[in-house]
Amino acid sequence: MSKLFIYLGCLLIFLGIFFHYFGEYFKWFGNLPGDIKIVQKNFNFFIPFTSMILLSILLTVIINFFKKFLK
């Protein structure tokens, strides 16, 4: 269990550094076709369906990689 926390901590540090320096390249995330965005005068409504499906697939692949290769 401790190895898992170490690897996840390293991954989070790497992702934090990566998004700090290269965050402007990911402005498309949240604006994909299928994301619902309603903007009115006094009301904003946003549901990122497509973005969350993409994120779920990516996290599933990463978690399965860690399960398979880091036992």
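Predicted model: local features only at pLDDT ≥ 70, side-chain atom pairs only at ≥ 80, totals over all residues.

Modeller: Residues are numbered from 1 along each chain as its sequence is written, and side-chain values use heavy atoms, with hydrogens and water left out.

Biologist: What volume does the largest pocket have?

Modeller: Rolling a probe the size of a water molecule over the atoms shows where empty space is left. A pocket is an open set of points on a 1 Å grid over the protein atoms alone where a 1.4 Å probe fits, with protein on both sides within 12 Å along at least five of seven lines. Here the largest pocket has a volume of about 550 Å³.

Biologist: Which residues lie nearest the centre of the largest pocket?

Modeller: Lining residues have an atom within 4 Å of a point. There are 19 of them, and Leu-15, Phe-19, Leu-55, Leu-58 and Ile-62 lie nearest the centre. Helix H2 (49-69) is one of the contributors and gives the most, eight residues.

Biologist: Why does Thr-50 count as partly exposed?

Modeller: Buried means under 20% relative accessible area, exposed over 50%, and partly exposed in between (1.4 Å probe, protein chains only). Thr-50 counts as partly exposed because its relative accessibility is 27%. Thr-50 lies in H2, and its C-alpha is 5.3 Å from that of Gly-34, 16 residues away in sequence.

Biologist: Where is Trp-28 found?

Modeller: Trp-28 sits in the loop between helix H1 (2-22) and strand E1 (36-39); helices (H or I, at least four residues) and strands (E, at least two) are DSSP runs, numbered from the N terminus.

Key:
Points joined across faces, edges and corners; volume = space filled by probe spheres on them.
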